[in-house]
Amino acid sequence: MNTNQEIYLDYQATTPVDQRVLDAMEPWLRDQFGNAASRSHAFGWEAGKAVEEARTILANGIGGQPREITFTSGATESNNLALLGCARACKERGMHLISARTEHKSVLEPLEALQAEGFEVTWLDVDREGHLKATQLEAALRPDTTLVSLMHGNNEVGTLHPIHELGTICQQHGAFFHCDATQTFGKEPINVAENGIDLLSASAHKMHGPKGVGILWIKSRPQVPFAPLMYGGGHERGIRPGTLNVPGIVGMGEAFQVTHESQSAEQNSIRNLRDALWEKLESIEGCTLNGSSSSRLAGNLNVSFKHVDGEALLASLEGIAASTGSACTSAELAPSHVLLAMGAESATARGSIRFSLGRGNTAAEIEWVAKRTQEEVKRLRELSPLHKMAQETQ
Ligand code: PMP
C-alpha cells in the first residue's frame, strides 16, 4: 500500500465523475452547444433530443414517465421545490406536514420556512438506530395532512427507511409522499409506483455524475398540485424555468445507466469492503456503530470511539479522506443533528466519524485505513486525560 496516496472514503459527500460519463458529456461541452429550447435549428433539436434521452433513462429507471422528470441544479433545489411547491399549492386542503429530524438540512430548512408561513409540522421520532416505524407515521397523519417528507437512505448514518410501507400509508390517507432519494438513486431499487411515491429528489454527483444537476420527479397521474418557485421562459413545463444544463443532464443520464446496470453486484462488493472495515474497527475497545445494524446503505460506516474526538481523529488520519457528520455541516463544529435526534449523547454526536465507501475502493485500502485508525485511536487516548481518568477508576 502506497501510504503517500490519498484514500477517498467520502463517497456520500460526492463521487468522482466516471470516465464513461465524462465521455458522454464532452461533445455537449464542445461542438454541440445548442440551447435545448431552440426550436428553429439543428443545434437546438440535437440538444433537445439528448435531454429527452436522459429524461427517458431516468424515468424508466424508477418506473415513472419522462414528462414527470424536472431537471434542477441538484437535490437541494429539488427538495426545496418539492416541499415549498407542493405544500403551498395544497394550502386550501390542509396545512399539516410530517417529517423527521434526521432529514437533510435541505428538507429541514424549507419545512421550517413553511412553519414560519403558518404550516404545522409534526416531527417523527426515530429510534437509536435512526429507524422509524410505519405505525408512527400512521398515528401522526390527520385529515389536514397534505404532505409527508421522509428520506430513503440517511446521508450521515446510512439508515434506510421502509419507503414502501411509508408510501402505502400515505396513499391510504390521501397525503402526498415526498422521498429524498439522493443517497440511494441508482444504487438501491426504487419504483415510484410500487412504493407509493408522489415526489422524488435525486442528484447526479452522488453516483459518479457531474455536480450541479439533479431531478425532481413529480407524479402526473393523478397530478400532484404544484406551485413553481421561479418564473421565466416556461422551460420544464413551467415548473423550473431556465436554460437547461445539457452536458450535466446527459451526464446524469449516463451516470444513472452505469450505476444502475451494475447495481446489485457493485453494491454487494462495496458492502463486503464496508463489513471488512467494521470487523476490524469493532475490535477496538469503546467503538460503537452509529445507525442501523440491519437496514443500511452499502457504503456507509459511521462510528464513534469513546474518549476520542472525531475532528481530532480525522485530522490525524493524514492521507485518508473521510468526514465527521455530513460535509454540508462540517463547516460548523456543531454536534450532528442526526445523531442528537437518534438520542446520542453530545460527546458521541461530536465524536463520530463517517467512512463512506464506493466505486474504486480496494481491500488493501481498507486494510490500511483500519490499521491507521487503530493506531490513532490508541495515540489520541494516550493523550486524553478523560481516558486516563476512566482507566484509573476501573
Ligand atoms: N439530500 C441528501 C440526503 C444528501 O445527502 C444531499 C447531499 N449531501 C442533498 C440532499 C443535497 O444534494 P445536492 O448536493 O445535490 O444539493
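Figure 1. The model is predicted: local features need pLDDT of at least 70 and side-chain atom pairs count only at pLDDT 80 or more, while totals for chains, interfaces and linings use all residues. Residues are numbered from 1 along each chain as its sequence is written, and side-chain values use heavy atoms, with hydrogens and water left out. Helices (H or I, at least four residues) and strands (E, at least two) are DSSP runs, numbered from the N terminus. Helix α4 comprises twelve residues, 105–116. From first C-alpha to last, α4 reaches 16 Å, close to the expected 16 Å at 1.5 Å a residue, where the expected span is 1.5 Å times one less than the number of residues. Its buried residues are Ser106, Val107, Leu108, Pro110, Leu111 and Leu114. Buried means under 20% relative accessible area, exposed over 50%, and partly exposed in between (1.4 Å probe, protein chains only). The cover over these buried residues includes α3, β3 (96–100), β4 (120–124), β5 (145–149), β6 (176–180) and α10 (337–341).

**Figure 2. The surroundings of the ligand.** The ligand is surrounded by 15 residues, of which the closest are Thr76, Asp180, Gln183, Ser203 and Lys206; a residue is near a molecule or strand if one of its heavy atoms lies within 4 Å of it. Helix α3 (residues 75–89) supplies the largest share of this shell, three residues. By type, the shell divides into three nonpolar, ten polar and two charged residues. Here Ala, Val, Leu, Ile, Met, Phe, Trp, Tyr, Cys and Pro count as nonpolar, Asp, Glu, Lys and Arg as charged, and the others, Gly among them, as polar. Oxygen atoms of the ligand lie 2.9 Å from a backbone N or O atom of Ala75 and 2.9 Å from a polar side-chain atom of His205. A polar side-chain atom of Lys206 lies 2.9 Å from a nitrogen atom of the ligand. Taken alone, the ligand exposes 390 Å², and the protein buries 89% of that. Accessible areas come from the Shrake-Rupley method with a 1.4 Å probe; for residues, only the protein chains shown count as cover.

**Figure 3. Thr70 in strand β2.** Thr70 belongs to strand β2 (residues 69–72) and counts as buried because its relative accessibility is 0%. Its side chain makes a polar contact of 3.0 Å with the side chain of Arg237. A polar contact is a pair of N or O atoms within 3.5 Å; within protein, one must be able to donate a hydrogen and the other to accept it, and residues adjacent in sequence count only if both atoms are side-chain atoms. Beyond its neighbours within four places in sequence, Thr70 is in contact with residues including Gly214, Ile218, Glu236 and Arg240, contact meaning heavy atoms within 4.5 Å.

**Figure 4. Thr145 in strand β5.** Thr145 lies in strand β5 and counts as buried because its relative accessibility is 2%. A polar contact of 2.7 Å joins its side chain to that of His96. The side chain of Thr145 also reaches the backbone nitrogen of Arg142 at 2.7 Å. Not counting residues up to four places away in sequence, Thr145 touches Arg93, His96, Ile98, Ala140, Gly174 and Ala175.

**Figure 5. Backbone geometry in two loops.** Most residues other than glycine have a negative phi, and most peptide bonds are trans. The peptide bond from Arg221 to Pro222 is cis, with omega near -5°; Pro222 is in the loop between β8 (214–218) and α7 (246–261). Glu236 lies in the loop between β8 and α7 and has a positive phi near 50°. Glu236 counts as buried because its relative accessibility is 7%. His307, in the loop between β10 (300–305) and α9 (310–316), has a positive phi of about 65° although it is not a glycine. His307 counts as partly exposed because its relative accessibility is 26%.

**Figure 6. Met252 in helix α7.** Met252 is part of helix α7 and is buried, with a relative accessible area of 0%. Met252 and Ser203 are 49 residues apart in sequence and 8.1 Å apart in space, C-alpha to C-alpha. Leaving aside neighbours within four places in sequence, the contacts of Met252 include Leu58, Phe185, Ser203, Met207 and Ile215.
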